[in-house]
Amino acid sequence: MNHKPKLWTKDFLIVSSANFFLFLTFYVLMVTLTIYTIEHFHASQAQAGLASSIFVLGAVLVRPLAGKKIDQIGRRKMLLGSLVLFLLASIGYFMVNGLLALMIDRLVHGFAFGLATTATGTIAADIIPNQRRGEGTGYFAMSTNLAMAFGPFIGLVITQHFSYSIIFYAASLFAALALVASLFMNVPEGKMAKATRQKGFKISDYFEKSALPISIFIGFAGFTYSSILSYLTSFAKEMNLMDAASFFFVVFAVFLLASRPFTGRMFDVLGENAVIYPALVFYAIGMVMLSQSHHGITLLIAAAFIGVGYGTFQSSCQAISIKEAPSGRMGLATSTFFTMYDFGIGSGPFLLGFLIPFTGFKGLFIGMAIFAFILIGLYFLVHGKKASLRKKMQTEERMSA
């Protein structure tokens, strides 16, 4: 009898929980820091936007180095050290007394976030059995997706009913929970990379070549999704849909959770294309519905389509980046994937902000809906065609055996 290797181990639950609290802290602060900066430091919109996005910049800058060094330093050391720094930076918001100090704390917080999430992603990739790669990566990525849903909700509820100091207490609590949980985890260590002295800069020292195509794709996908994170509230206000918008990410999470048991198994049994193409179509339909929303129910149906679509192909692409990489370079593959993803999510709000005066919020989402359909063709070029040929060859080999 063919027994599946165990997925839901103690260590898998702990690393997923730590990752959830890391991203929960990120999203709670992401949706509140802009308003906080304007109100407390009388900053301009541009300065407030920088205070929010400099966190992502810190993560993007440190990820390639983290991917290169993680197995030299040791995964447990990098995880615990970065979580201590993450907690200290979370507490640091209480001591910030000016805009420059806030920027510095946000940058340090981003550095710690980049190190910690590279470590959690690499550790999870090693814990997940190869036979359940798609399913396991999907469940691990769900820790990020749930934080993406509940972080903005928690942040906005706190700003409406409590003082900003409660946000920083919440961020510090979540950071502490991530650290405490990780203390009880058995961390698998990778093979210690040999420290070779090489002259000059080598791109392969910082990025995993095999993971780059799918990582570039997810960067563009993250760019489109950043429009929702940054401008959904403004669009909803313009369309008088604020009541429905407050539940957008909750519906997103519910439908993602409902679909995850099926999509992860489909990835492992039928291959990545059988999951990613339908997910991209779902995402594109959801973006079209979002751009045309005049009623709350339409907005929430759009959230369901986007939750199933975006949540599914984002985690599936993460599984591909790890699957394509040599076993000794999983840390680099993980950092490569998230560097590109963070770059898309972080640069999107800044670049799209220049379009809004010309397109308005409705025009922006129409443009992102068109871009979502273009993503289908882009996926075919970077990975889908290769995956299809590989699947065809495997089928022919089985038939001839």
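## Thr117 and its contacts

The side chain of Thr117 makes a polar contact with the side chain of Arg63 at 2.9 Å, a polar contact being a pair of N or O atoms within 3.5 Å in which, within protein, one must be able to donate a hydrogen and the other to accept it, while residues adjacent in sequence count only if both atoms are side-chain atoms. A polar atom of the Thr117 side chain also lies 2.6 Å from the backbone oxygen of Phe113.

This is a predicted model, in which local features need pLDDT of at least 70 and side-chain atom pairs count only at pLDDT 80 or more, whereas totals for chains, interfaces and linings use all residues. Residues are numbered from 1 along each chain as its sequence is written, and side-chain values use heavy atoms, with hydrogens and water left out.

## Burial of Thr117

Thr117 has a relative accessible area of 3% and is therefore buried (under 20% relative accessible area, with a 1.4 Å probe and protein chains only). Apart from neighbours within four places in sequence, Thr117 is in contact with Asn19, Leu22, Phe23 and Arg63, where contact means heavy atoms within 4.5 Å.

## The largest cavity

On a 1 Å grid over the protein atoms alone, a cavity is a set of points where a 1.4 Å probe fits but cannot get out, and lining residues have an atom within 4 Å of a point. The largest cavity holds about 70 Å³ of space, the volume being the space filled by probe spheres set on grid points joined across faces, edges and corners. Phe23 and Phe113 are among the residues that line the largest cavity, as are Tyr341 and Asp342.

How values were computed: Buried means under 20% relative accessible area, exposed over 50%, partly exposed in between (1.4 Å probe, protein chains only). On a 1 Å grid over the protein atoms alone, a cavity is a set of points where a 1.4 Å probe fits but cannot get out, and a pocket is an open set with protein on both sides within 12 Å along at least five of seven lines; lining residues have an atom within 4 Å of a point.
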